[in-house]
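The sequence and the structure come first.

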Amino acid sequence: MLDIAKELAPTLSVDSIRERIIKRDTNMSIDRFGLELASYLKDKGDDYRLIFLADEVSQFINKERDRYLNLQEIITKLSEACDNKVWVACTAQQDLSEIMDDCHIAEEKDKEGKIKGRFEVKVSLKGTQPEVITQKRILDKKEEVKDTLASLYNKYKAGFDLQFKLPNSYSSYDSQDDFIDYYPFVPYQFKLIMQVFNSFLNLGYVAKEVKGNERSIIKVIHSTAKANADAELGKFISFDELYNNMFEEGLQARGQKAVDNALRMARTYQTDKPEKTRLAVRVANVLFMICNISQTDQLLFPATVDNVTSLLVNNMDTPRLTIKNEVEKIVEFLCDNNIIRREQGKQGAPDTFMFYSEEEMKVAQLIKNQVVDNNTQAEQLKDIFNKYITALKNKEQYKTRSFSVGLTIKQRTFLSNNPDVMVEFVMDPDYDTAEQLALQNSNTNRMVYYVGPQYRENRRLYNAFYWYCQAERYMSTPVPNEDNANTRKEFAKRAEELYEGLIKKEFEKILDTCPIVSGLYVIDDAELGQKRGNDRYRVAIEKHLAGIYPKANLVDSPSIPRTTEQLKKAILRNVNPGDYEGMGAILTDAEHEVEIYLNKQFAEVNVTDVLTKFSKAPYGWDNICTLYVINELVRRHNRDYTYTNNPNVETSTVANRIVSESNKFTLRQAQVISPQVIQNFIAAWKEVFGISSAPTTTDSTQLFRMCRDIESERSLSKLIKGYKDIEQQIIAYPFVEPIRKAIDLFESWLDERDPLKFFNLIISSKDEARMLTDKCKEVVQFTHDQLSTYKQLIQFADENTYNFSFVPEEMIGAVDEFLKVKDDLWPMGNTFRGYIKLRNQLSGSLDDVRNQLRDKIKAAYNDIFDYLLQVAEKQNVPASVLSDREATIQLKTAPTNILVLRNNILTDVFYQEQVNKIMSYIPPKPTKKDNDEVDPPTPPVREKRIRQASLQTRTKLPITNEEDIDRYLEGLRQQIERLLVDHDGVMIIK
């Protein structure tokens, strides 16, 4: 500085000034300095300006408030003393506002904040091309070495783009001149280090004086170049070497704390190999720098494995892939130890890495400490697999039967217990190949997705899934505080992103490509084709079930029933001629399999055992189908049913109960009935019941059923039911006996449940049965045609039981003959017509007797009514008091009972009733006239007291002469006189 001053002022004594500065014995105040400058400017003119340049003012102030105030006072005093002709220009690594902040000065509140007004002009001197400045000031090459560098460029230029694989906005060497200018640095480093400086400043990792300007970059580049001055030609400066020199600028405590954990962990990486430990430290340094650049810059230069690799390249001989592989291992090491975390790349972008915060490191460590057992992993894997393979359910339909399906993951079973088919996802690579697994697969119903090899080879997936399980387990623990809650949310979000972006997709890829083992063989890829997810599973399970149940197709036919109702109809259907003859006589494949099994069994076989046998491998038949096959063997007379120890089972019982009560049915060898017996039985049946009732089949089982079952129109049960209906109609009559005998006979036939005995029983009793059925037919015909007439005859006989004694003597024989109808066992044909004729004769004779009696009744009552009218008239009693003549006569002549008619001829009782009415009559009281006048009162009439009496008219001796007559009449007169005492009159009623 003094030398420059001497050049400008030759008379200046440099030595004396230097001595005075060292001694610091000059008393110079701000006021004195201002006066000296004012004296110097007084003769310089009005347009003269004196400019003072102060460089690195921020370092002079150094966050000290007093120095800041000194600067403000100097500027203020100079301005006042020199009339604003002295200008002060200051430079600093920070702008004025940042210096004020460091000194804790507020612009508006503190008076010291007025300094901003002293600096009216503020110029920003931010660096725009630091690499150009650095190149000119530090990296400018001598002419004699340029040819050597050119040769070096030509030697390596083909590999620059490969070794320095960088994002688009960051470049390596574009030309030979570019290489000469920048070597041993790479152009991208200047831009990137400036971004690192600026970001570290914002994060508080470095002092504010350290900014991404030319001065800071020059320092770093200079110190780094100086450190490599002795390196051999061909060596390149790697980006991490810039970081090492940046420490000379001094990381703040906050920055040191952020990187310390990473460096400590890196120094533990493969300590037995120092060169790899050093590489781990270099990786930690590079990650620390590029993980902490601004988010905008991270979009351009993300912290990927490729970018980290490029930043570590320091020569052209080491293959980039070698470096990258080591970097990947180190990055995984740092991830595993919770120093950094992996951010899943989106839409095919590579993964990036970020440093954990302090709180995040705590949570990451807690997550790492979570113990994840097989059950936890199995639950998570089940959710992943089931969401992708939604067709995997607890039931699977194959051919005719629905099979239960189980799911096994890591020895944990889901969906079903004791399933027919087990689908297992093997997560461990216990076998070198899927073929080896198949050979040792002792459980043939087990279908295996051999996930293990691909899962374990995919370390990224393996680690990510394990961490995901740990994170899920940690999320279920209690939340200790709010900071932890916020960090948990962030980790939960990352876990979900990891699940969606990596875990789910990678597992789906494995499920779409891993070998699938079915029993003892591996399903060929050609069979699976290019199927994915559900489609691949459906093909595999179909192949698997086909392997377990190769004979399932034997009953997979439209002709074989699938429902209970269809089975019932199939059992009840008729056996038609030819059904099991010719080609139909050959057993179907399914029937043949069942017949072979039954032949191997001892004695009878329970139907439930047969169902169990054929529901398992290699058959896998539905129970309905098996029951159908069994019944076909019965219809063929290969087998017979026994139900609850009853060897004779009705077909309707089989149809209605064999599904729900299969355990009560057994199968035995069928009894063979000879065709001759069948022919004899059919002939006997025709003879007994007529040709129209002849069975339409020669099948013994069908024939047995048709002749017995109520459902059959020609069966005994149907016939018995009809006879019982007839029996109820004629149960009180003697001719019911043939019907009763027929019912007893037919029911005795039905009691025989052995088909052969049943047939022989009917054959042996055909004659008796024919005669009985002939009689029953007549009874039935008589019942239908003449029962109402017969009932009329019986009624006539019952109603005239007492009348028959009044018939003329000549009709007594007819009465006796007619009454035989009530006990006649066979009142049919001519006999019945004779009964009708006798009834008609007797009815006419009885009517004659009744008519004679009715005439007498009419005469007697007419006489009595005439006499009563006379009595009433004498007693001034109106005739209306008496009963109606016509009604009375009609009532007395109406009965059909002759004895009653005879009694009705007597009129004494009726006469006495009518006389009582006359004697007890009371005339009505007078009534008002229309004009409200009342008839004059009539003298009261004393009520007559009339005595009703009977006279003693019997005589002790016969009346023989007139004297006897007088004596008899005198006796009557004396009786009447005695009766008149105290009475106005006497009514002789008898």
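A pocket is an open set of grid points with protein on both sides within 12 Å along at least five of seven lines, and its lining residues have an atom within 4 Å of a point. The model described here is predicted.

**The second largest pocket**

About 870 Å³ of space lies in the second largest pocket. Several elements give two or more residues to its lining: the helices α11 (188–203), α14 (253–266), α15 (274–290), α16 (295–300) and α19 (358–368), together with the strands β3 (340–343) and β4 (352–355). With five residues, α14 gives the most to this lining. In total, 32 residues line the second largest pocket. Those that lie nearest its centre are C291, N292, M354, F355 and Y356.

**Two single residues**

The table sets out the relative accessibility of W87 and R850.

| Residue | Relative accessibility | Class |
|---|---|---|
| W87 | 48% | partly exposed |
| R850 | 7% | buried |

W87 is found in strand β2, which covers residues 86–90. On the surface, W87 forms a nonpolar patch with I51 and L53. Together, these residues have about 380 Å² of accessible area.

R850 is found in helix α39, which covers residues 830–874. Buried means under 20% relative accessible area, so R850, at 7%, counts as buried. Which residues is R850 in contact with, leaving aside its neighbours within four places in sequence? They are N800, N803, T896, I898 and L901.

Technical notes: Residues numbered from 1 in each chain as written. Predicted model: local features only at pLDDT ≥ 70, side-chain atom pairs only at ≥ 80, totals over all residues. Heavy atoms only, no water. Patch = residues over 30% accessible without salt bridge, like charges linked within 9 Å, V, L, I, M, F, W, Y side chains within 5 Å. Areas by Shrake-Rupley, 256 points an atom, 1.4 Å probe, with all protein chains shown as cover. Salt bridge = Lys/Arg side-chain N within 4 Å of Asp/Glu carboxyl O. Helix = DSSP H or I, 4+ residues; strand = E, 2+ residues; numbered from the N terminus. Buried < 20%, exposed > 50% of the residue type's maximum accessible area, 1.4 Å probe, protein only. Contact = heavy atoms within 4.5 Å. 1 Å grid on protein atoms, 1.4 Å probe; cavity = no way out; pocket = protein on both sides within 12 Å on 5 of 7 lines; lining within 4 Å. Points joined across faces, edges and corners; volume = space filled by probe spheres on them.
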